[in-house]
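The following note collects points for a colleague who wishes to examine this structure at the level of individual helices and residues. Please read it with the coordinates open.

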Amino acid sequence: MVLSVRGLSVRFLMPGGRRVAAVTDAHFDVAAGECLALIGESGCGKSVLVSALLGLLPANAQTAGEARLGDLDLLAADERTLARTVRGRRIGLIPQSPAAHLTPVRTIRSQLEETVAALTGVRGRAALRPAAERAARRAAFPEDHLDRHPHELSGGLAQRAATALALVGDAPLLLADEPTTGLDRDLVDHTVDELRRHVDTAGRALLVITHDLAAAERVADRVAVMYAGRVVELTDADAFFGAPGPRHPYSRGLLRALPDRAFTPIPGMPPELGNLPDGCAFAARCDRAAATCATRPPMTATVACHHPYVPEDSHA
């Protein structure tokens with residue numbers, strides 16, 4: 001197992017003593033050779049979870065649980081360990097906001113060359129230049145843009161530059177936070193296929209966060225659905241996108257909202273993470289809600305729901 005997460009919770013302590021439950025009791029594994037896609041609406045806690053794994057949370061965050069990368073508990077590791085042995089080397093990150101992670105005063109070429117030198121040991125101008133160009137090609141970043149600065153790039157080009165940087169170290173675990181943002185469909189397919197090749201080579205693992213369910217279907221082996229800070233379904237991608245389909249009503253609503261399916265939005269809005277109900281957080285939006293939903297459903301097998309769909313009613 002490359003990554004094993006047990007009971008991961010993140011709370012933000014706000015002024016006045018208010019607490020925001022950004023992630024609650026997350027349990028999942030990511031095995032070698034596997035891609036797990038983490039999906040859900042904006043604000044449900046997906047990016048906070050990734051930040052927790054890398055030790056990049058703000059000072060007012062409190063974490064609980066375990067997140068083991070091999071024999072290292074990422075949540076307990078100190079900043080020196082994370083900075084020198086984990087980030088970039090054991091875990092690669094494709095960030096959600098790539099422009100904010102690129103050095104504004106340096107060209108993409110110089111940033112790629114520096115990363116190649118630091119993570120692969122390649123030295124010397126004659127070797128670094130072609131190595132950086134190979135890294136750019138992996139992410140479909142045009143070589144004639146390598147000598148540009150980040151502010152000279154479109155959002156899609158910045159995304160590809162960040163992807164190229166993340167792939168350089170061939171880290172055992174790659175975290176991709178919305179890696180297809182700003183890309184057209186052909187580049188989306190190229191990017192997810194390159195991420196898939198990363199996973200299939202030498203048994204690496206990928207945790208991808210995405211709103212793009214078509215991209216998730218293309219790249220994922222398993223799907224984890226997050227709602228209001230909690231993983232509410234964890235299942236095989238083939239079963240999720242095909243038959244019998246997802247079991248949680250929220251998951252089914254996500255699929256029904258797609259243009260190539262029912263194109264029917266989920267009614268209502270998700271609850272605020274600082275004011276979650278005691279019971280099922282989805283109950284107010286769910287047409288299967290009943291009195292039992294006033295208590296929080298436990299995660300049993302693949303789903304956290306008092307009234308999940310079963311194969312007999314999977315057509316619903």
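The expected span of a helix is 1.5 Å times one less than its number of residues. Helices (H or I, at least four residues) and strands (E, at least two) are DSSP runs, numbered from the N terminus. The model is a predicted one, in which local features need pLDDT of at least 70 and side-chain atom pairs count only at pLDDT 80 or more, while totals for chains, interfaces and linings use all residues. Residues are numbered from 1 along each chain as its sequence is written, and side-chain values use heavy atoms, with hydrogens and water left out.

1. Helix 6, length and burial. The 13 residues of helix 6 reach 19 Å from the first C-alpha to the last, close to the 18 Å expected at 1.5 Å a residue. Of these 13 residues, 12 are buried, so helix 6 is largely enclosed by the rest of the structure. Here buried means under 20% relative accessible area, exposed over 50%, and partly exposed in between (1.4 Å probe, protein chains only). Among the buried residues are Gly156, Gln159, Arg160 and Thr163.

2. Surroundings of helix 6. Which elements pack against the buried residues of helix 6? They are strand 6 (91-94), helix 3 (98-101), helix 4, helix 5, strand 7 (173-177) and helix 7 (185-200). Contact means heavy atoms within 4.5 Å.

3. Helix 4, length and burial. Helix 4 covers residues 108-120, and its 13 residues should span 18 Å at 1.5 Å a residue; the end C-alpha atoms are 18 Å apart, which agrees. Ile108, Arg109, Gln111, Leu112, Glu113, Thr115, Val116 and Ala117 are buried in this helix. Their cover includes helix 5 (125-138) and helix 6 (155-167). Gly121 follows helix 4 and has a positive phi, near 80 degrees.

4. Helix 4 against helix 6. Two packed helices are described by the angle between their axes and the distance between the axes. Axes are lines fitted to C-alpha atoms, for helices over the stretch in contact, and angles run from 0 to 180 degrees between N-to-C directions. The axes of helix 4 and helix 6 cross at roughly 15 degrees and come within 9 Å. Helix 4 is therefore roughly parallel to helix 6; angles under 35 degrees count as roughly parallel, over 145 as roughly antiparallel, 65 to 115 as roughly perpendicular and the rest as oblique.

5. Thr115. This residue lies in helix 4 and is buried, with a relative accessible area of 19%. Leaving aside residues up to four places away in sequence, Thr115 touches Thr120, Leu165 and Val168.

6. Helix 4 against helix 5. The axes of helix 4 and helix 5 are 9 Å apart, and the two helices pack at an angle of about 105 degrees. Helix 4 is thus roughly perpendicular to helix 5. Arg109, Leu112, Glu113, Val116 and Ala117 of helix 4 take part, with partners in helix 5 that include Arg125, Leu128, Arg129 and Glu133.

7. Asp177. Asp177 is found in strand 7 and counts as buried at 5% relative accessibility. Beyond residues up to four places away in sequence, Asp177 touches Ser47, Ile94, Pro95, Gln96 and Ile209.

8. Backbone points to inspect. Most residues other than glycine have a negative phi, and most peptide bonds are trans. Asp25, in strand 2 (residues 19-30), has a positive phi near 55 degrees and is partly exposed at 40% relative accessibility. Ala228, in the loop between strand 9 (222-227) and strand 10 (230-236), has a positive phi near 50 degrees and is buried at 8%. A cis peptide bond, with omega about 5 degrees, joins Ala243 and Pro244; Pro244 lies in the loop between helix 9 (237-241) and helix 10.
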